[in-house]
Amino acid sequence: MTQVDHSRMANAIRGLSMDAVEKAKSGHPGLPMGAADIATVLFTQFLKFDAAVPAWPDRDRFVLSAGHGSMLLYSLLYLTGNSEMTLDQIKQFRQVDSLTPGHPENFRTKGIETTTGPLGQGISTAVGMALAEKMLAAEFGKKIVDHHTYVLASDGDLMEGVSQEAIAMAGHWKLNKLIVLYDDNGISIDGPTSISDSVDQVKRFKSAGWAAEKIDGHNQAAIADAITRAKKSSKPTLIACRTTIGFGAPHKAGTSKVHGEALGAEELKAAKENLGISLEPFAVADDVLKA
Ligand SMILES: Cc1ncc(C[n+]2csc(CCOP(=O)(O)OP(=O)(O)O)c2C)c(N)n1
Ligand SMILES: [Mg+2]
C-alpha cells in the first residue's frame with residue numbers, strides 16, 4: 001500500500017463530503033468531517049474487507065448507524081476502490097436513481113451493510129449482526145466465521161429508546177466482537193446536546209455489561225489503541241470519541257450549522273484552505289487515492 005499521511009487521507013473524506021453536499025445543496029457535511037479520523041484509522045488499520053467482493057461472507061461489518069452522515073460511507077467506498085462507487089456517483093449525491101441517496105440503502109448500493117437513517121436502527125441491527133457472527137462461528141468454527149462488527153453511532157442514535165434494548169442484550173450476551181465508535185461531538189440537529197440530554201454514556205454502557213472508555217476522536221494513535229483494546233475485550237465495547245462536528249470549517253465547526261446543510265461557497269473554500277486540500281471540486285490527490 002502507498003503510505004501517505006493519515007490526516008491527508010482523512011481530509012480526502014472531508015473534501016469529498018463537503019463538495020457532494022455543496023453540489024446537491026442538501027445533506028450533512030458535519031458528521032463525515034468530524035468522524036473522518038476515526039474512519040481512516042478503522043479502514044486503514046483494522047477493517048477486514050475486499051473492495052472487489054463487498055459481500056464476502058467473513059468480512060468485518062461496518063454499520064453507519066448515523067445514516068445522515070452517508071457521505072462518510074460513500075467517500076470510504078470510493079476511496080477504498082469499490083468498483084460501482086465512482087466519482088460520478090459521488091457527484092450524483094442525493095439525486096434520484098443514484099447509488100448515493102441521502103441515507104444509505106443496502107439494497108441499492110453494494111458495500112452498504114444495512115439501511116440506516118432512522119436513528120437507533122443501525123446500532124440495533126448491528127447487535128443482531130454480532131449475534132449472528134457468534135452463532136455461525138459456534139456452528140461452523142472460527143476458521144470459517146471470525147469477523148468483527150463495527151458501528152459508528154451519533155448522539156441521536158444513543159438518545160433513541162431502541163438503542164437501550166439493543167445495548168442491554170449485547171451486554172448480557174457478551175457480544176465481544178461488537179465495537180461501537182461513538183461520535184461524541186456534543187452537537188445535534190438544533191444545537192448542543194446539553195439542551196436536552198446529560199446522560200454519561202460511558203457509565204450507561206458499563207452498567208449494561210460493556211467495556212467503555214473516552215478518547216480524543218482526532219488522535220490517530222488513541223483511536224488505534226482503543227480499537228486494539230476493544231478487540232481483546234471479553235465484552236462489547238463502546239469507544240466514546242470526542243470529535244468536533246464539521247472539523248476544518250473555520251466558522252461553522254463545532255456548531256449545529258454544519259449538521260445538515262451545505263457549507264456555502266465561502267466557508268467551503270476557507271475549510272479547504274484550512275485543511276490544505278485542492279479547491280477544485282471532488283479532487284483527490286493521486287497518492288492519496290492510490291493509498
Ligand atoms: C428516529 C429519528 N428521529 C429523528 C431523525 C432526524 N434527525 C436526523 S439527524 C438528527 C440529530 C442529529 O444529531 P446527532 O445524532 O448528534 O448527529 P450530528 O449532528 O452529530 O451529525 C435528527 C434528529 C432521524 N433521522 N431519526
Ligand atoms: Mg452529534
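## A walk from the magnesium ion to the sheet

Start by selecting ligand 2, the magnesium ion: its donors are spaced D-x29-N-x1-I along the chain. Before you go on, note that this is a predicted model, where local features need pLDDT of at least 70, side-chain atom pairs count only at pLDDT 80 or more, and totals for chains, interfaces and linings use all residues. Residues are numbered from 1 along each chain as its sequence is written, chains are lettered from A and ligands numbered from 1 in the order written, and side-chain values use heavy atoms, with hydrogens and water left out.

**The metal.** Now show Asp155 (OD), Asn185 (OD1) and Ile187 (O), the protein donors, which lie 2.1 to 2.2 Å from the magnesium ion. Donors here are N, O and S atoms within 2.8 Å of the metal (3.2 Å for Na, K and Ca); water is not among the atoms, so the site may look incomplete. Are Asn185 and Ile187 buried or exposed? Asn185 counts as buried because its relative accessibility is 10%, and Ile187 is buried too, at 11%. (Buried is under 20% relative accessible area, exposed over 50%, partly exposed in between, with a 1.4 Å probe and protein chains only.)

**Ligand 1.** Of the 15 residues around ligand 1, the nearest are Gly117, Ser154, Gly156, Asn185 and His259; "around" means a heavy atom within 4 Å. Zoom in on the oxygen atoms of ligand 1: one is 2.6 Å from a side-chain N or O atom of Asn185, a polar side-chain atom of His259 lies 2.6 Å from an oxygen, and a polar backbone atom of Gly156 is 2.8 Å from an oxygen.

Next, switch to cartoon. Five strands form an open sheet with parallel pairing, in the order 1-2-3-7-6. Strands and helices are DSSP runs numbered from the N terminus (strands E, at least two residues; helices H or I, at least four), and two strands pair if DSSP finds at least two bridges between them. Pick strand 2 (residues 149-154) and strand 3 (residues 178-184), which pair in the parallel sense over six bridges. Within that pair, Val151 stands opposite Val180.

How values were computed: Polar contact = N/O pair within 3.5 Å; in protein donor to acceptor, adjacent residues only side chain to side chain.
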